[in-house]
Structure formats: structure tokens, C-alpha cells
Amino acid sequence: MIAENPDPPHHPHSSLNALLHNLPDAVIAVDGAFKTLYWNPAAETLFGVSVADAHSRLQSDLYDMIWPDPDERQRAIDCLLSVGSWRGESNIVRHDGTAVRVEANVSVLRDDYGNSLGVVASIRDIGPRTAAEQRTLKAEAEFQALLESGIVAVARSTETRFLYVNDYFCSMLGYSREELLEGGIDWQTLSLKKNLASLNANMAKLRTVGRVMPFAKEYCRKDGSIASVILCGYATCQEPLEFITFLLDDSERKEIEQRSLVAEAQFRALVDSNIIGIVQSNESGFISVNDYFCRILGYSREELLSGTIDWRALTLDNGIDVLEERMAQLRTDGCVMPFDKVYRCKDGSLASVLLSAIATRRDPLEWISVVQDLSERKKVFDALLESEERYRTVIESVAEGITVLDAQGNFVSANASAELLLGLKLDQLKQHPGGDQFWRGLREDGSPLPSDEFPGILAIRTGRPQYGTVIGVRQPGGTIVWLQVNARPLHDPATGRLIGSVSSYFDISDRKMAEQRLRDRAAREAFINRINEAIRATFDPVAIQYSVANLLGELLKLDRCFYIQYDEANDLIFRAPDFHRPDLRSIQGFDRYSDAFRGRDQMFSTGTAVIADVEASDLPDDMKVSLCKLDERSLIAVPFYDRGGYAAALVCAMAEPREWTHEEIHLVEQAATMTHSAVLAANVVKRDTAIANQLQDALRPAIPQRIAGLTLASFYRPALEEAQVGGDFVDVFPAGDGSVYLVVGDVSGKGLAAASQVATIRNMLRFALLSDKSMTAALGKLNAIVAGHDQINGFVTLFTARYDAQTRTLSYVNCGHEAGLHVTSATGESQALPPTGTVLGAFPEASFGVETRQLSEGDLLVVFTDGFTEAGHAPSELLTGEGMARLVAAAHPVTEPQRLVDLLMSAVDAHTNGVVRDDQCVLVAMA
């Protein structure tokens, strides 16, 4: 039992009391009657209760002090009664009411018979230790978040397998996490054969030294490619060996290193090739010079190295101060960037040079200078100087930007890459939280990004990682940098409380620009295609002009767009229907050329006129007023010329000033050229169509519906859409004796060329038939004239028939034409009316026979050209004469010739899908 008072100096317990008295831990003892026997100074300090006060307290008071919580107190007392001791942590309440976290060891004291003599307790303040443990847990959580943020590859492993890998390590080597952790892959599997010896040496170093400093190494990826990395390792257990490895992707540095080696080799070759001056110097004079430098200044190598000439002697008086500044810069900075300088040559002339220098030694100062003769300047090489910090941290060494925000969204840290990408230093970033409107972020579609949707802020707000977010950040200078951002929330490991977020930034501006260029190109191509479709859709010049004006107006968001045509000879200009803003009036119509054209020579002096603000231009004042009245304050006008004068122009205009981009100007010029060409082509088609219509009226006289006891119907369709006539024709005219001639012909050729010969044949045929009552004689004479005197180019097929209504007799001569059809009304059967002679105009001596048929009431005569028999997509699909006979039979019975014509045309179009390859002409006569 511990005595209440100290023992005499030589008492066996005196040393024990002294030890307890000086212990840093509180020591308390009570006897079986609950009286306090011992209360050391540490207990006074911990509980705030003096020894005297403690002696008056009962054992129950002691329990209340050690275990303020009733439940915890009862568990401890039960443990003392059953086990005889209790050890654990508790939150005690001091005399002043403050709480302290303690670790207590309480034991029951017993005599030799097992009777309880009292209780002794040792109590230690562990508040500082607990705080330190919490800080350690927080640091470990932040470190773990850093490892998982994907900014450096991390692996924990043994010699034979991986125990942990992060995502960046997996992506670097191309394996999944499962593949790496399942045990089939280790460091030897990933290492190249040439690196195995180095691997074993580093493993040995980890066992002995416990770490491996950063070094370069190559690993084999899953796809067989090589990954160059910077690697370092730390042993966490040396027997058996376990270690953590940090890797940085070094592929980009290796590439730069290779370029540096190439550049160094090129520089050495450049020095040796004597195309620039290379000089090594100190403050006293030249140490070495090459031949090219000697040639620049006109001195020999011996003269320059003699020690009597230095840079100052070669420098003009007004350049001495600059030289001294450069020497001082060499001492402090170690280099002098290229600058222009003039030196005095040996012969007194002056040499302008481009000079740069780098210090090879600071004390005493020595340097190497590169001198290029500007009079013969040629760009020899570009040198890229890259300085790398020797002792950079892992975060500072990566190219990606890394930032950390606190729970309120304020910047806590940022690496150099982040400062560059965001355009601000860390102290400036701290002035603008991640969600500050200062950033004016953009979504990918160009719309504003709300401040609370920034990835780092969103990770804090939602507590979830944000991956692959693309945002645009407007730097202070106005430049928009497009970034791909990953962000992860940070939590306090002890409490789980959110304490901020860490974000990584990748610059994807080049990719975004390339994507935008592709979209712009696709939009331009789509627009040009729309113009092509518009100008191909019609041969109406005005419709073409209006379509293009509307397309340009909508695309460029114009206030007005129109096509204008100039007619100087008639003193007129014509503005086609214009595209205009809804609140603006149309300016379509005619004006006087002389009134509206003043100043156009000046406006079109360099071709396309591009004016950002008419009022600020140097155009004549009256023209400025005129243009502004037409809402043309800003414009692009593309002129076209004909016979030395203005023919037309395409005008895009705005009612307010506007700066036009190069792409807009190029697009308008391209659209204008296409429009003008289409308008010219449409005018030609319009002119030819007018001619064709006149020929149509002349060459296709109206066929009577009834004549000489016959009911008639006919159809004609040319092969060429732009022409209304061709080489096929129908003619019906009276013979003069009550009978009537029916003619169907086909002149070889198409379009206007064939139609021009139809008039010749038709008129000559009428004259021959009306002059000679015998059809064979008339056609024989006509053939002799046509063939013998080259009246036409090519030949003619003719089906010529004469019908006598009194006797209902049909006589016909078929000159190489398609066989006509005689269709009986009773049965619908067809009899062919084959050729009775050769084609007209081929053989001068040809003769022609005549055949007759007797028609009954309702019988049909169907005569057609080869545009029907040769209709079809392939030779095996041609309709032929038999096919026409089948179509006629399928239509039986018919009571009106026009009905049969309509049925035949529908069937033929269905057979060909509406594709016309030759002129088509048919005549149906019903008796």
C-alpha cells in the first residue's frame, strides 16, 4: 500500500515515492474505506484538484472524475470487480469544467488472502497524441486522393506481384487493374530483356538502402509498344521486400531529348561548316574563332588571337555602353539573347551582325558568341532552349495543370501548368474562387457555364468525382482556352467531412480548333451544295437570284442581299427580288443606270468591294447617302463584267457597320460566281426555249379532233427537257378529194438540230403528195430529191397513209418506219402495218410499195415512233412493237382515241420509270 506521507529518507519506500512524485502521469490511490491515500502533482495538474482537496474525496468521487459518462463508468467498475483491472481511454472533466482525453490504467490492490485493500490508477493526458493522429490520418487521406487523381502512376508491390496500382499506372501500361493484381504480371514481365540486370540491381538497393532515386527506364505495354518513364521507389518492408513505386510518363521528354541531340549535332555541323561565326572569349580577348568570323571582320585568326584585339576594340564608340550592359547580363543571367550590333572591320568598313552569347564560366567570365552576318542572312536553324528545374516535385513535373480547392471553393495550391492554362499566378488565383464569375466559363456549345458547374466546385457540392468535363476558360487577356478537367472531392478521413477538391486540367484547344475548322468546312460545303441544288432546280434567272440571296441572308444573318443586273446601253439597272430583314422594305425593281452608278468605278477599283462602314469610307458623299438610304451601311459587293462594262453584281449588306471576316468574303465570292454562271446559263436556256416554242408553233400544227370520218388524238414528247421540239412529227391534212393524209415521221437526231429539218421534210412531203395522186410516185420523187441533193443530214422514216371516208379504205406507204397497228373494234386484235420500203433519203434509186386495209366502224389506226419501241433501261427490257401491241390489246375496248393515248403513255412511263431516251410521238385514229 502506498503511504499517505513520504517515508523517512532511508525507508525502502522513499525512492518509490520520489519516483511517483516526479512521474508525468497522474497517479492516484485510495484505500478500502474509499479514502484517498496518494495524489501526486501530475494528478493535481490533470484534474485541477489539490492534494488537500483530493484527500477529502471518496472513492466514488474518484470514479466520477475518471469516468464522467455513467455507462462507461459502470462498465469499468464491473471490469474491476470481475477482472481486478481496467485499461482504456476516457474523456475526463477537470475541476474547471474542461474536457481532456486520457488513457487510464486502474487496478485493484489485494492482500495475500485476496482481500481488497484499495484501488490505484495511472492516468495519462493523450490529447496531443490524438490530435497528431488525426493530422496524420488527414495527410494520409490527402495523399491517397492525390494518388487516385490520376496525375502520377503509383504501384505498391513485392518482387513477384502487384498489391496496388492506380488508374494512371494502368492507362500508362495498357493493362486493366484486374490483370495487374491477379498475380500473373510482375516487374520482370514488364521489363525489357536488356533492363533485367538493372531491375535486379535496383531490387537489391531497395533491400539495403530502402529507396531508389529517380532514373529513366523503359517498359513494355500490353500492346507491345514501349513506354519511357521516370521511376523512383521506396521500400515499405525490406524482409520480405515490399515497396511503393512512382512513375511519370517520360515519352514526351524522351522525344524532346532526341530532338535536342539532333539539334546539338546540327549545331556542331553548323559550327564546323563555317556558315556562322563562332567565337570563344573572355574579358581580355579572344580564345578561339572560326574562319567565318575572321571573314566577317577581315582579320586573320592570328591577329584576333594575338591578345591585342577584343570586343571593345571592334565596337563603335556609341555601342560601348550597350556592350557593357551585355557583359553585365552575361555575369548575372549567364546568356545574352540575339540582338543587332554593328562592328568596325579591319578595312574600316562596318559589319552589321546578329549576336548572341552564353557564359561558360562566371568567375573569371568566359563566354561563347554566335555571330551571323546580317548582310548575307539566311535562316540556318531554330534553337529551342528549355530549362528544367532540377529539384521539382512530382506535381510540378507533370504537364497537366493541378489545382486544389478548399471546401469553400477557394484555391489552395496550383502548379506551374495550372497557372499557365488559367493565365494567373497562384496569389492571383486565390483572389478568384473556382466558382467566381470572373472566369466566365463556357460550355462546349458556347453557352455560359454557370459558376456552380465548374468541375472542382461541382465535386465539392455533390461529393462525387467529375471526369472528362470540357470547359472554356477566358483568360484575363480575353483568350479562350479549352480544357478537359477531372476533379475529385477531398474528405477528412477522421470525420468524413468534405474539405475540398483536387482538379487536373488538360489543354485541348488545338483539338477544339481542329474540330471547329472541320465544322466550318462542312458548313461551307453544305451551303455550296444548297446553292448548287437551288440553281439546278430551275432555269428561271430571277428565281435563281432570289434563292441564292435568301440562302446567303440566312447563313450570314444579313439585313439585305440581292443580285443586280446592269444595262448601260438602255440606261437601266434591275434589282432582283431581294432578301431583307422583315422590318426593312424591298428594293426590287428598276433604276436609271446613270443615276445609280456614280462612284461604282471607285468602289469596284480592286474587284470585290468590302466596306465595313460606308460613312467612314472614301466613297463620294452622294453615293454614301444613296447606299445608306438602301440600308447598305456595310457591304460586300462582287462585280461581274461583260465587254469592258459592268454586267452584274451580288450585294450582301447590313444596315449598321460590320467587320467582314475573310471566310465570309470568300464564301460570298464563291456564291456570286456560281450564281452569275447559273444566271448566264439560264438566260441561254430561256432564249433557246423561246426559239423552241416558236418552232413548236411552226412545226407542230394543231391536229384536228375530227376529219374525214376519223376521230383523232396524238401525243408528242421530246427527249431533251430544254427543247419543246425534236425530230418526231405528226401531220394531218386533206388530200382535196374528200380523203385525208395521215403522216407520222422521225428525222434522225434530237432537239433543235432535228427540228430544223422537220420543217423541210414536212413541207416537201405535203407538196409531193398534193402534186401527185400516187403516194408511191410522190414518195419516190421526194426520196430522190432528198438523197440526191443532200437536203437533210441523216435520214427520215415515214408512215404515210391516205384514208377514204366513203369506202373506209386505208392506203399506206411505210418508209422504214415502225410498224403501225390496225386494231379491230370487235375483237381488239392488232394487225401490224410493216414497212413497204426503205428509209427516206438513204438511197436515191429506192422504190416504195403501197398496202391497203379496210376499216370497220370503231377500228383503230395506231402509229408511233421508235421512242416507244426502244423504251427501256437495257436492251433486254426494250418495249418493242410486240410490247406496244400488248399494251393496245390490254386497253381494249376503248371508245375515245384520247383515252387510248393516255393509257399507252401511263403504261410506257411505268415501264421506263419516266426516263425518256428518245423523242416519243404517237397518232391514234378511230373510224
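**A look at the aromatic pairs**

Modeller: Let's start with phenylalanine 574, which is buried at a relative accessible area of 17%. Buried means under 20% relative accessible area, exposed means over 50%, and partly exposed is in between (1.4 Å probe, protein chains only). Keep in mind that this is a predicted model, where local features need pLDDT of at least 70, side-chain atom pairs count only at pLDDT 80 or more, and totals for chains, interfaces and linings use all residues. Residues are numbered from 1 along each chain as its sequence is written, and side-chain values use heavy atoms, with hydrogens and water left out.

There are 18 aromatic pairs in the structure. In one of them, phenylalanine 574 and phenylalanine 590 sit 4.9 Å centre to centre with 40 degrees between the planes, a tilted arrangement. Rings of Phe, Tyr and Trp (its six-membered ring) pair if their centres lie within 6.5 Å; planes under 30 degrees apart are stacked, over 60 edge-to-face, and the rest tilted. Because phenylalanine 574 belongs to strand 22 (residues 572-575) and phenylalanine 590 to strand 24 (residues 589-592), the pair ties together parts 16 residues apart in sequence. A strand is a DSSP run of E with at least two residues, numbered from the N terminus. Phenylalanine 590 is exposed, at 58% relative accessible area.

Tyrosine 641 and tyrosine 646 also make a tilted pair, because their ring centres are 5.3 Å apart and their planes are at 40 degrees. Tyrosine 641 is partly exposed at 46% relative accessibility, whereas tyrosine 646 is buried at 13%. Finally, Phe162, Phe169, Trp187 and Tyr219 make up one aromatic cluster.

Notes:
Helices (H or I, at least four residues) and strands (E, at least two) are DSSP runs, numbered from the N terminus.
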